[in-house]
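Reader: I should like to learn how to read helices, ring contacts and pockets in a structure. Where should one begin?

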Amino acid sequence: MSTPARPGNRHHKRPRGEGQWALGYREPLNKNEENKKNDDGLNVRQRIIDIYSKRGFDSIDPADLRGRMRWYGLYTQRKPGIDGGKTAILEPEELDDRYFMLRIRIDGGQLSLRQLRVIADISNEFGRGTADITDRQNVQLHWVEVESVPEIWRRLDEVGLSTTEACGDTPRVILGCPLAGVDVDEVIDGTAQIAEIYEKFIGDKAFSNLPRKFKSAVSGCPAHCTVHEINDVAFVGVVNEAGEPGFDAWVGGGLSTNPMIGKRLGVFVRPDQVADVYGGVVGIFRDYGYRRLRHRARIKFLMNDWGPERFRDVLQKDYLGYELPDGPAPEQPRGGRRDHVGVHPQRDGNFYVGFAPKVGRVDGDTLHRVADIAERHGSDRVRTTVEQKMVILDIAPDQVDSIVAELEAADLHVNPSTFRRQTMACTGIEYCKLAIVETKATATTLIHELENRLPDFKDPLTINVNGCPNSCARIQVADIGLKGQLVVNDRGEQVEGFQIHLGGSLGATPGFGRKVRGLKATAEELPDYVERVVSNFSKQKNDGETFANWVQRADESDLK
């Protein structure tokens with residue numbers, strides 16, 4: 001029985017649109033969408049070459065400076081001396097420095113020694129020696145002047161590297177297992193699929209105006225090292241009932257202020273279909289993604305509203321033109337850590353050697369040293385990981401001891417403490433305009449303190465340090481996730497600190513960290529706090545129990 005219309009409601013308005021192009025909402029609904037409609041972000045490259053690099057910073061159009069230049073990996077960095085309390089108060093032009101962060105995309109984390117040396121040279125010549133390995137396998141430089149950008153691009157182009165769509169509302173870097181093609185237990189090598197996606201879609205104007213950023217991963221790693229659960233689209237290696245290796249497709253993962261775990265479409269994707277399915281998913285996002293409100297513009301919100309069955313149906317009927325068979329879920333991840341640190345055998349009888357810079361922070365000289373060490377020991381292949389680490393491939397058995405010794409001497413630990421191995425940090429207030437607190441130095445201090453205070457602690461334990469709520473460092477899925485904010489210390493002063501999330505995880509039991517009411521710490525208190533909660537875990541854990549599982553049953557008093 002229908003419900004009668006209420007008086008005065010006969011002429012109710014059409015529901016407000018979400019800005020979905022496929023439903024006819026083509027008019028820009030916010031400033032970002034207006035800027036993208038006015039000019040494609042990819043067009044800024046020529047203006048940088050012809051105008052901005054010649055006339056300098058003051059010649060840059062504001063819509064390019066704080067918008068389209070991101071399509072080529074360029075963000076203005078934070079002006080020094082502006083404290084975190086002013087992050088959300090000042091206008092963009094007050095936060096902007098005259099220098100840029102430059103993000104170099106490293107698809108699949110794959111680098112030759114020639115490429116690594118070019119990055120090192122660019123760092124030293126144009127970035128004051130700065131270089132950070134990110135948790136998406138990229139390398140970020142700082143202090144870059146717009147006058148230098150064309151020369152940087154020329155050098156990168158010569159060795160097959162790029163900054164194209166490293167940022168912006170675009171298909172960003174494609175994550176891949178750093179051991180692709182060499183892992184003894186690999187389900188399938190995704191290298192060819194990453195290359196095909198890059199060639200077909202990166203820099204294509206058909207996909208350069210998405211509602212927001214689009215993150216992806218392709219991997220057959222048995223450790224699930226590319227954190228497929230929190231990508232916009234991910235292809236995970238599986239073997240079907242006929243014994244054929246292929247991929248399971250996940251869509252709609254992501255963190256930030258509304259974290260969601262991706263959902264399986266339930267399909268089996270053959271290796272030759274991956275690029276088509278990727279194109280279909282990104283096409284759905286372009287056409288049906290929510291453009292009205294920027295904070296709801298990620299594909300996870302569309303997936304949350306549609307569900308995987310409808311998403312799969314639209315993908316097959318409207319974007320692929322064929323149906324995909326049902327497929328198996330991935331096997332549970334191989335036990336242990338996901339970071340590929342240490343010495344391990346390859347399938348060809350050689351070894352790979354993974355090592356841990358401190359929270360991803362390196363510099364041009366260090367990158368040169370890594371290249372030199374690798375070359376002296378017969379390798380031409382270096383990889384970056386999603387844990388801000390690096391791996392050198394193809395080390396002969398008789399070279400292992402020597403390369404480990406050289407890396408350790410360079411403070412690049414192959415056998416690091418748990419705290420050095422599993423602590424990551426975002427860029428933080430040193431350079432980032434969104435940050436509220438410092439992260440890299442805080443995390444480095446925390447590592448040193450914990451190594452001194454808990455030298456015998458060996459259990460896996462991830463500590464992720466983020467400078468703001470946006471979760472670039474994946475705080476919600478860390479054992480200890482630290483979200484930067486200003487807090488009041490015991491002297492009544494407002495200082496840098498962190499809200500603490502506990503017991504997040506991915507893999508066998510994915511879930512977001514537990515927030516204990518009022519659980520915060522100043523940056524100064526962090527070592528004391530982490531020492532206390534880790535000590536409680538060590539005393540109370542059952543055999544084989546993980547930190548995340550302990551947190552779920554622990555008394556709140558033991559978590560404070």
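Author: Begin with burial: a residue is called buried if under 20% of its relative area is accessible. The model shown here is predicted.

Reader: Which residues of α11 are buried?

Author: As a general idea, an α-helix has 3.6 residues a turn, so residues three or four places apart point the same way. In this structure, the buried residues of α11 are Gly364, Thr366, Leu367, His368, Val370, Ala371, Ile373 and Ala374.

Reader: What span should helix α11 have, and how far apart are its end C-alpha atoms?

Author: Helix α11 covers residues 364-376, and at 1.5 Å a residue its 13 residues should span 18 Å. The end C-alpha atoms are 19 Å apart, which agrees.

Reader: Which residue caps the N-terminal end of α11, and which residue follows the helix?

Author: The cap is Asp363, with a side-chain oxygen 3.2 Å from the backbone nitrogen of Asp365. After α11 comes Gly378, with a positive phi near 85°.

Reader: How is a pair of aromatic rings described?

Author: The distance of the centres and the angle of the planes describe such a pair. With ring centres required to lie within 6.5 Å, the count here comes to 15 aromatic pairs. One of the pairs is formed by Phe457 and Phe537, which are edge-to-face at 6.4 Å centre to centre, with 65° between the planes.

Reader: Which parts does the pair of Phe457 and Phe537 tie together?

Author: Phe457 lies in the loop between α14 (440-453) and β17 (463-466), whereas Phe537 belongs to helix α15 (residues 526-540), so the pair ties together parts that are 80 residues apart in sequence. Both Phe457 and Phe537 are buried. Elsewhere, ring pairs join Phe201, Phe207, Phe214, Tyr278 and Phe285 into a cluster.

Reader: Where do charged side chains sit over rings?

Author: The charged end of Arg128 is placed over the ring of Tyr99, 5.0 Å from its centre. Arg26 lies over the face of Trp21, at 4.0 Å from the ring centre.

Reader: What lines the second largest pocket?

Author: Rolling a probe the size of a water molecule over the atoms shows where empty space is left. The second largest pocket has a volume of about 820 Å³. Its lining comprises 37 residues, of which Gly336, Pro460, Asp479, Ser505 and Leu506 lie nearest its centre. The elements giving two or more residues to this lining are β16 (423-425) and α16 (547-553); α16 gives the most, with three residues.

Conventions:
Residues are numbered from 1 along each chain as its sequence is written. This is a predicted model: local features need pLDDT of at least 70, side-chain atom pairs count only at pLDDT 80 or more; totals for chains, interfaces and linings use all residues. Side-chain values use heavy atoms; hydrogens and water are left out. Rings of Phe, Tyr and Trp (its six-membered ring) pair if their centres lie within 6.5 Å; planes under 30 degrees apart count as stacked, over 60 as edge-to-face and the rest as tilted. Helices (H or I, at least four residues) and strands (E, at least two) are DSSP runs, numbered from the N terminus. Buried means under 20% relative accessible area, exposed over 50%, partly exposed in between (1.4 Å probe, protein chains only). A charge sits over a ring if NZ of Lys or CZ of Arg is within 6 Å of the ring centre and within 35 degrees of the ring normal. The expected span of a helix is 1.5 Å times one less than its number of residues. A polar contact is a pair of N or O atoms within 3.5 Å; within protein, one must be able to donate a hydrogen and the other to accept it, and residues adjacent in sequence count only if both atoms are side-chain atoms. On a 1 Å grid over the protein atoms alone, a cavity is a set of points where a 1.4 Å probe fits but cannot get out, and a pocket is an open set with protein on both sides within 12 Å along at least five of seven lines; lining residues have an atom within 4 Å of a point. Grid points are joined across faces, edges and corners, and a volume is the space filled by probe spheres set on the points.
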